[in-house]
Amino acid sequence: MFTDEALDSVEIESLWRKSQQAAQESRGCQTRAVHSTEAEVQTVSTSSSWTQTEEPQHQDTEQLLQQNQDDPDPPGLKDFLQRVEDSVIRELVRNARSHAFDGFQVNWEEHNNRVSCLHCLQHPSAQERGLHVTSVSWSCTGSVIACAYGRIDEGDWSTENSYVCTWNLNRQNLNPNQADLVIDVPTTVTLCFVCVFAGGLYTGEVVVWDTSQTQDPVLVQTGMSADSHREPVYQVSWVPLQKKGEFGVLSASSRGQVLLWTVDSDQNAFVLNAAYAFVRQQVPHSSSFKVRGSSTVGVTSLALSPWDSDTFLVGSEGGLLLRCSFSAQTPAAVPSEGQSVTPRAPAVFSFRPRRGPVHSIHCSPFHRNLFVSTGTDGLAHLHSLLQVDPLLSLRVSDSYVFQVQWSPTRPLVFAAATGQGEVQIFDLGRRSLRPAATIEEGGAGHAATCLSFNHQNPRQLAVGKTNGTVAVWQLSTELTEQNPRESSQLEQIANQVAE
């Protein structure tokens with residue numbers, strides 16, 4: 001029924017595979033050719049060095065000790081040490097108990113009395129007008145120096161317009177010929193600088209400027225009123241008040257008045273806190289004092305005691321030198337001029353008068369009873385608050401001495417600015433009474449009118465002159481570093497009795 005039969009094969013091509021092969025495409029990519037280079041460096045020359053100690057001799061420590069013990073002692077050494085042993089020990093014990101070198105400090109630095117000029121500051125407009133530097137003062141940080149310009153001719157002040165200029169010496173691009181701040185002032189001015197600076201004008205006004213306010217630096221001023229001065233203000237000074245952190249301004253005029261001002265922050269105005277007047281009839285007289293001329297005592301200088309907040313010193317046009325008290329209650333014998341405060345007579349003690357006006361007074365920062373004064377007689381007088389006559393008188397110059405100031409770091413050193421243009425620095429610890437150093441710069445005829453030590457950097461001393469320049473000098477260590485026994489030497493001077 002069934003039989004095998006061979007049939008031909010049938011092939012059917014796939015249409016799907018053909019379609020897939022037709023859709024396939026090939027792609028290829030390659031990065032750009034990479035270029036490489038080789039470089040090498042080599043030093044020009046090389047050198048090598050080495051060190052080596054001498055070859056050690058290997059020897060046992062015990063052998064060395066034994067060898068040293070076997071060596072004979074130098075002849076006579078043992079007998080000598082035994083002979084002097086008791087004497088040496090006795091002297092060592094005596095030295096240990098001695099106080100001969102108590103307080104002595106060895107200083108191996110080389111000392112010299114040389115000074116060098118760090119800066120020469122000037123305001124071209126002031127120099128063109130021939131104005132003089134009337135006052136210099138440092139800021140409380142010691143980085144900013146202020147100077148006041150005016151004119152001092154024949155011992156009197158000028159009414160010309162002037163300037164107050166400041167320089168920051170820490171400024172990176174300091175220009176000595178261009179001040180950082182220039183304030184136009186209607187008259188000659190003298191000033192005292194702390195953080196803001198106070199100035200007294202020829203018109204009798206007292207002004208306080210704030211250097212941070214460049215557009216309108218005037219912080220407060222007295223103006224012309226019944227309370228203000230009617231004569232030129234010769235000196236101003238900051239005075240600490242009873243409330244901690246508050247200061248008043250003390251101003252002195254040639255009319256014989258010293259006024260104490262406080263600032264009313266609410267009204268932004270000066271308020272007269274106290275007034276002091278000097279009348280010859282109420283001045284304690286020394287044996288050589290004679291009442292003559294005007295009854296008023298024209299004040300030309302004043303100084304505050306750093307030891308007693310109630311004490312201040314006053315120098316006058318007639319050579320009077322007075323110790324005064326802020327707490328004095330005696331009414332001054334002056335006619336009433338409508339002041340809001342009754343003037344008081346503060347003088348409690350009179351020193352021997354000088355020959356001519358007293359230009360400057362400065363109290364010692366190292367002794368409560370000592371102060372120094374200078375004036376037109378060319379002498380520097382060292383005084384004690386407890387004695388009428390000066391303890392010591394030094395010839396500073398053949399001309400006027402405009403200002404004197406104690407060193408803030410050396411108890412026996414003070415500097416004086418002279419009318420001959422020199423600044424004389426005296427050291428009372430030296431055997432000679434001649435100056436320990438002399439600063440002279442500039443042409444002849446340019447008087448040194450003012451000076452000021454930098455209390456933050458005691459090696460800096462600023463000097464103002466009549467040629468309109470302010471020179472900042474660097475002092476040597478010999479003039480600024482205190483010696484071990486210097487304070488005791490000052491005490492001996494203070495305790496001596498005036499001849």
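Biologist: Is Asp180 buried or exposed, or something in between?
Modeller: Asp180 is partly exposed, at 34% relative accessible area. Buried means under 20%, exposed over 50%, and partly exposed in between (1.4 Å probe, protein chains only). This is a predicted model: local features need pLDDT of at least 70, side-chain atom pairs count only at pLDDT 80 or more, and totals for chains, interfaces and linings use all residues. Residues are numbered from 1 along each chain as its sequence is written, and side-chain values use heavy atoms, with hydrogens and water left out.

Biologist: What does the Asp180 side chain meet?
Modeller: Arg171, in a salt bridge of 3.3 Å, N to O. A salt bridge is a side-chain nitrogen of Lys or Arg within 4 Å of a carboxyl oxygen of Asp or Glu. Arg171 is partly exposed too, at 42%.

Biologist: How many salt bridges does the structure hold?
Modeller: There are 6. One of them joins Asp377 and Arg354 at 2.6 Å, N to O. Asp377 is in the loop between strands E21 and E22 and Arg354 in the loop between strands E19 and E20, so the pair ties together parts 23 residues apart in sequence. Strands (E, at least two residues) are DSSP runs, numbered from the N terminus.

Biologist: Are those two buried or exposed?
Modeller: Asp377 is buried at 18%, and Arg354 is buried at 7%.

Biologist: Which residues form a network of salt bridges?
Modeller: Arg410, Asp427 and Glu486. Arg410 and Asp427 meet at 2.9 Å, N to O, and both are buried.

Terms used: Helix = DSSP H or I, 4+ residues; strand = E, 2+ residues; numbered from the N terminus.
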